[in-house]
Amino acid sequence: MKKLFQNKFWIFAITLFFVVGIIVLNYFQIMDSVKDSLYFVLLPIQKISFKIGDSIAESFAILISIQDLNRENQKLSEEVRELTVKNVKTEELKRENQALKEALDFTEKEEARLIPGNISGLDPENPGDFVIIDKGREDGVEKDLAVIVSDGILIGRVIEVDKRSSKILLITNTESRVSGIVQDSRARGIVKGEHGLGLRMEMIPQNALLKAQDIVITAGLEESLPKGLIIGKIWEIESSDNEIFQKASIRSPISFKSLEIVFVLKNK
Amino acid sequence: MKLFVGILLTISTVILQITLVKYFPSLFNIPFVFLISWAIFQDYKSTLLLAFTGGFILDILSMTPFGLFIITFVIITFLINVISHSLFSEPKLYVILIITFIATVIYFSFYWSLAELLIIWEYSFIDLSNFLSFQLLAGKILGNLIAQIILFKVFWKVSTWLKLYERQIEIS
């Protein structure tokens, strides 16, 4: 027996057998309690390391981007002016809309419940594709629910739920598909992720009038994705007479790299 | 003592990886690079244990099917241990870099082929063909080599210290 264990290949084979055993146990969800305990220990450490990393990155970013800040500041001031005008108009439209709703006896949708969660982990291999949040089954998170940031900006959907944590598939993942509408022209299309880097809207009818800076929102065709969540703004339009559909690259108003607090959207 | 230091270093590299991956996406795999060094300088039993520990934690934190990192790490580091111990007595930096280069290529091919297999079984929505590119492999090799150069000096010191410590225990 001793000789058997002295042979390194036997030990290697036993280790592999053990590993396969663990994978099988995980498949039948017997490993869940072990995973939960490890999450419990690792996630706070990860949070701290993220904060340290962020503060180091921020100090570097400040040094590099002072010039950019000036330019951005000017741009933002212009945008604020435009938005103020828009806001006044929207307020008027809101009132008008409210009156019409009442007149038509429109029933309001049930309010959704927001489950706040902190980003506590990134995928070690594909950081732009998935994130882990510190809210799970215990907090009411369910598979396929939409995940947003506070302003109603869509960031992804829940793909895996554990007891105290959940894994989120970001909309920037290549496999993410969300049906979207361009707010102004009401043109529909499919918003896909681009390797964790950006977003792209496809299948937009050729006759749809698109322009840069148009806002794209969710169409509400998916069961768990309500209508009207902001996906992003059109950045560039790709249109050709030979093609049946147009394409557009979309920029989300948020930086997926600096996500901190997100909300899981759950119907009451 | 050696195992304790090893496990602590493995966990630290995993945390470092998860922190840095935010700023340098898909560029390197620090736990893997660390395990290569460990496999070259240390015995196979501790190598297997650390490969298992590192793989297990990464599997829990990553979105790829559970078991992918453990299997990849255990098999590759064991092979490195067996080969390097029979070929080199005191490997130099360039030897370690060559091993890192070959190991990264094997890791990349093995990881994604196995992932394809497991994804069909568990996660049908992930299309790995998007990640399989020459640029990504080249980037990963470069990233791992840079990480190895940085880690090598640290690891060399830790390894020498551990050997001294073990000898002292043997004497006493």
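**Entry 1: terms and model.** I take buried to mean under 20% relative accessible area, exposed to mean over 50%, and partly exposed to mean anything in between, worked out with a 1.4 Å probe on protein chains only. I am reading a predicted model, in which local features need pLDDT of at least 70 and side-chain atom pairs count only at pLDDT 80 or more, while totals for chains, interfaces and linings use all residues; side-chain values use heavy atoms, with hydrogens and water left out. I number residues from 1 along each chain as its sequence is written, with chains lettered from A and ligands numbered from 1 in the order in which they are written.

Entry 2: I counted a salt bridge where a side-chain nitrogen of Lys or Arg is within 4 Å of a carboxyl oxygen of Asp or Glu, and the search of the whole structure found ten of them over all chains. One of these joins Lys266(A) to Glu142(A), with the closest N and O atoms 3.2 Å apart. Lys266(A) belongs to strand 12 (residues 261-267) of chain A and Glu142(A) to the loop between strand 2 and strand 3 (146-149), so this pair ties together parts that are 124 residues apart in sequence. I took helices (H or I, at least four residues) and strands (E, at least two) as DSSP runs numbered from the N terminus. Lys266(A) is buried at 16% relative accessibility, whereas Glu142(A) is partly exposed at 41%.

**Entry 3: other salt bridges in chain A.** Glu238(A) pairs with Arg200(A) in a salt bridge whose closest N and O atoms are 2.9 Å apart. Since Glu238(A) sits in strand 10 (residues 230-238) and Arg200(A) in strand 8 (residues 198-205) of chain A, the pair ties together parts that are 38 residues apart in sequence. I noted that Glu238(A) is partly exposed at 38% relative accessibility, while Arg200(A) is buried at 15%. Both residues belong to a network of salt bridges that also links Lys192(A) and Glu202(A). I also looked up Glu160(A) and Lys167(A), whose side chains meet in a salt bridge at 3.7 Å, N to O, and both of these residues are buried.

**Entry 4: the largest nonpolar core.** I used the term nonpolar core for a set of buried Ala, Val, Leu, Ile, Met, Phe, Trp, Tyr and Cys residues joined through side-chain atoms within 4.5 Å. The largest such core has 111 residues, and Leu154(A), Ile155(A), Leu259(A) and Leu61(B) touch the most other members. Helix 4 (residues 68-87) of chain B gives the largest share of this core, eleven residues. Domain 1 (2-63) and domain 3 (177-251) of chain A both contribute residues, so the core lies between them; the domain bounds come from an automatic or database domain assignment. With contact meaning heavy atoms within 4.5 Å, and residues up to four places away in sequence not counted, the residues that Leu154(A) touches include Ala146(A), Ile171(A), Val178(A), Leu225(A) and Ile231(A).

**Entry 5: where chain A meets chain B.** The contact takes 47 residues from chain A and 44 residues from chain B. The area buried between the chains is about 4400 Å², and carbon and sulfur atoms give 73% of it; buried area here is the accessible area (1.4 Å probe) that two parts lose on being put together, summed over both. I found zero salt bridges between chain A and chain B. The rule finds one residue pair in polar contact across this interface, both residues being at pLDDT 80 or more. A polar contact is a pair of N or O atoms within 3.5 Å; within protein, one must be able to donate a hydrogen and the other to accept it, and residues adjacent in sequence count only if both atoms are side-chain atoms. Among the elements that each supply at least two residues of the side of chain A that touches chain B are helix 1 (2-6), helix 2 (8-27) and helix 3 (32-64), and helix 3 gives the most, with 13 residues.

**Entry 6: two buried residues.** Thr100(B), in helix 5 (residues 93-121) of chain B, is buried at a relative accessible area of 0%. Apart from neighbours within four places in sequence, Thr100(B) is in contact with Ile36(B), Asn144(B), Leu145(B) and Gln148(B). Val182(A), in strand 6 (residues 177-182) of chain A, is likewise buried, with a relative accessible area of 0%. Val182(A) touches Met201(A), among other residues, and the two are 19 residues apart in sequence and 9.7 Å apart in space, C-alpha to C-alpha.
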